[in-house]
Amino acid sequence: MASTEEPREARVRLPQLRLDELLEELQARLDAARGTRDRVHSLLEAVLSVGRELDLEQALHSIVEAAAVLVDAEYAALGVIGPDGKRLSAFHTVGVTESQIARIGHFPEGHGILGELIHHPEPLRLAKISEHPASYGFPPNHPPMNTFLGVPIRVRDQVFGNLYLTEKRGGAQFDGEDESVLSTLAVAAGVAIDNARLYEESRLRERWLQANAEITHSLMSGSERGEVLGLIAERAREITGAALAVVAMPMEDTDSLSVELAIGPEAQTLRGLVLPVDGSLIGEAFSTIAPVTTPDVSQDERVSAGPPRFTGLGPAVAVPVGTGEGGVRGVVLLIREAGQTVFTGKEIEPLQGFSAQAAVAMELAERRQDAEEVAVLKDRDRIARDLHDLAIQRLFATGMTLQSAGRFIEHPEASERVVRAVDDLDETIKIIRSTIFGLRSREGTRGAGLRARVVRIAGEAASVLGFAPSVRIEGLVDTDVPREIADHVVAVLSEALTNIARHARADRAAVALTTDSHQVRLTVTDNGVGIPADGRRSGLRNMAERARQWGGELELTTPADGGTTLVWCVPVPAEQEPV
């Protein structure tokens with residue numbers, strides 16, 4: 001009996017073991033299915049969350065947060081690839097505190113493993129980052145990282161950037177399922193980024209249209225030219241995120257451009273600066289009638305020639321105002337702070353449209369102003385004709401009558417009064433004739449203005465100096481400075497530049513001419529050896545005498561860093577004939 005019962009117990013125990021194994025396997029599969037379901041739900045929630053964002057920066061941050069949660073990573077980052085396609089232009093992180101970022105320093109540009117994903121945009125999984133051949137190491141104060149998972153984000157078949165995940169929690173490795181989930185999120189992220197960019201572009205176009213409408217309304221309502229130029233510069237600066245905006249306009253009778261307006265850092269030193277068309281960044285945009293860019297304005301020879309300028313500024317673009325058909329009316333220069341992104345074609349295109357529209361509005365305003373001037377001139381001609389045909393004839397007839405009547409007046413005093421009255425009528429006729437001549441005279445017959453003469457003298461001095469002096473002109477020098485004083489300004493400037501060429505041994509000089517309708521000030525500086533104590537001073541005496549003739553003065557100083565500063569200043573009479 002014992003021998004028959006033992007096999008039966010074994011047979012009962014054996015099916016029970018298999019059933020336990022099957023139940024455990026079933027439980028594991030249920031747990032896996034439940035985990036997969038939960039992960040799919042998390043992925044769907046992440047896709048929906050990312051897809052709701054229309055602000056690009058917020059969308060990028062949401063993508064990084066969702067990626068870290070989905071694959072249970074301690075650190076996550078999204079690197080945006082720059083326009084050159086070789087390095088990162090922006091970096092969004094999760095898991096690293098602000099204080100840690102400050103200690104680490106500058107965000108990565110795309111070396112090592114990050115660069116590997118830029119050059120080979122395919123998913124990459126690593127058990128240990130340092131063992132990969134492309135590993136570049138970490139900067140000081142960077143948290144330790146070993147496991148790695150990276151996938152590219154594509155927007156319309158173009159790689160926008162990469163998702164980087166490190167340090168899976170619990171010490172585990174990233175697996176194929178993590179890679180699959182992250183790749184799926186990257187596809188949804190590409191769609192969300194594309195939508196956000198399209199929304200951003202539409203908002204940007206709307207802002208440009210509003211700016212155009214504002215400028216057109218300002219011009220058509222009769223605003224001053226300077227006010228409109230300021231509006232153009234301010235709106236362009238705001239929309240493009242530039243730190244400095246400069247508007248330069250062509251000068252009559254010269255191959256130069258004058259900075260009429262500047263808004264932002266160093267604006268005061270730039271206003272009135274005269275720039276040559278040949279060799280300058282603004283001049284290149286003016287002559288080629290096309291936008292001109294530079295990645296660093298402080299290092300560009302077309303901009304930084306002469307005294308150092310644009311400290312702390314970087315990417316810049318110069319855009320002509322107008323087209324080849326209607327003529328270029330000026331140039332708008334926009335400069336961003338150092339370290340910011342360069343101006344891209346997508347940014348420059350609407351800026352060109354804005355500048356073209358501004359030029360059209362300026363053309364219409366000038367045509368309206370010309371029509372008003374024609375109407376004024378016609379009215380002047382009518383007044384002059386009426387004065388000549390009516391007033392003078394009547395006064396002449398009255399004088400003849402009085403002259404005839406004087407013969408019949410016997411009283412000496414009365415006769416003398418009549419003669420004086422006739423003389424007064426003759427003098428009145430002369431005054432009216434002079435008024436008629438003034439009404440019929442046209443502006444523009446007075447010759448070249450002081451502004452053009454100063455620029456021309458500075459340009460001619462370049463051949464003897466060995467370099468071109470910088471020129472800055474501020475104020476209404478062509479209308480507020482009388483012809484006689486303008487002639488003295490020209491003579492003093494010519495003498496000052498000649499002295500620099502003969503004696504100063506300088507390699508840099510600057511000319512500044514300013515007027516505020518009360519006085520005119522000419523400042524000429526150089527970085528030469530200064531004025532020797534035993535040198536001839538006949539030229540300086542002549543300059544001082546010219547100033548004294550008009551109640552002004554000449555001042556000579558030697559700055560601490562060497563060279564000479566000459567200031568020639570005279571008051572401007574309240575009423576004068578413009579240059």
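Predicted model: local features only at pLDDT ≥ 70, side-chain atom pairs only at ≥ 80, totals over all residues.

User: Which residue in β11 is the bridge partner of Leu244?

Analyst: The partner of Leu244 in β11 is Ile335.

User: And what is the strand order of the open sheet of eleven strands?

Analyst: The order is β9-β10-β11-β6-β7-β8-β12-β13-β14-β16-β15, and the pairing is mixed. At the edges stand β9 (292–294) and β15 (553–557), each of which pairs on one side only. From one strand to the next, the twist averages 20 degrees.

User: Which strands does helix α12 touch where it packs on that sheet?

Analyst: Helix α12 (residues 450–465) touches β7 (256–263), β8 (273–276), β12 (470–474) and β13 (509–515). The direction of α12 makes about 170 degrees with that of β12.

User: Why does Asp487 count as partly exposed?

Analyst: Asp487 counts as partly exposed because its relative accessibility is 35%, and that class lies between the cut-offs of under 20% for buried and over 50% for exposed.

User: How many salt bridges are there by this rule?

Analyst: The count comes to twelve. One of them joins Glu214 and Arg235, whose closest N and O atoms are 2.9 Å apart. That pair links distant parts of the chain, with Glu214 in helix α5 (residues 176–220) and Arg235 in helix α6 (residues 225–240), 21 residues apart. Glu214 counts as partly exposed, at 32% relative accessibility.

User: Which residues are linked with Glu214 in a network of salt bridges?

Analyst: The network links Glu214, Arg235 and Glu238.

User: What about Glu545? Which residue does it form a salt bridge with?

Analyst: Glu545 forms a salt bridge with Arg548, and their closest N and O atoms are 3.1 Å apart. Both residues lie in helix α15 (residues 538–549); because they are three residues apart there, about one helical turn separates them. Glu545 is partly exposed at 36% relative accessibility, whereas Arg548 is exposed at 52%.

User: Changing topic, what is the strand order in the open sheet of five strands?

Analyst: The order is β2-β1-β5-β4-β3, with antiparallel pairing. β2 and β3 are the edge strands and have a single partner strand each, so one side of each is left without a neighbour in the sheet. The twist averages 15 degrees from one strand to the next.

User: How many bridges pair β3 and β4?

Analyst: They pair over three bridges, in the antiparallel sense. Leu124 stands opposite Gly150 in β4.

User: Which helices pack on this sheet?

Analyst: Helix α2 (residues 56–70) packs on the sheet and touches β1, β2 and β5, its direction making about 50 degrees with that of β2. Helix α4 also packs on the sheet, touching β1, β2, β3, β4 and β5, and its direction makes about 145 degrees with that of β5.

User: Is α4 (residues 112–119) largely enclosed or open, and why?

Analyst: It is largely enclosed by the rest of the structure, because six of its eight residues are buried. Those buried residues are Gly112, Ile113, Leu114, Gly115, Leu117 and Ile118. Their cover includes β1 (73–81), β2 (88–94), β3 (124–126), β4 and β5.

User: Lastly, the aromatic side chains. How many aromatic pairs does the structure hold?

Analyst: It holds three. Phe148 lies in strand β4 (residues 148–155) and Tyr164 in strand β5 (residues 158–168), so the pair ties together parts that are 16 residues apart in sequence.

User: Are Phe148 and Tyr164 buried or exposed, and which residues form one cluster with them?

Analyst: Phe148 and Tyr164 are both buried. Phe91, Phe148 and Tyr164 form one aromatic cluster.

User: Which ring does the charged end of Arg336 sit over?

Analyst: The charged end of Arg336 sits over the ring of Phe343, 4.0 Å from the ring centre.

Conventions:
Residues numbered from 1 in each chain as written. Heavy atoms only, no water. Pairing = 2+ DSSP bridges. Helix = DSSP H or I, 4+ residues; strand = E, 2+ residues; numbered from the N terminus. Axes fitted to C-alpha atoms, helices over the stretch in contact; angles between N-to-C directions. Contact = heavy atoms within 4.5 Å. Salt bridge = Lys/Arg side-chain N within 4 Å of Asp/Glu carboxyl O. Buried < 20%, exposed > 50% of the residue type's maximum accessible area, 1.4 Å probe, protein only. Phe/Tyr/Trp six-rings, centres within 6.5 Å; stacked < 30°, edge-to-face > 60°. Lys NZ or Arg CZ within 6 Å of the ring centre and 35° of its normal.
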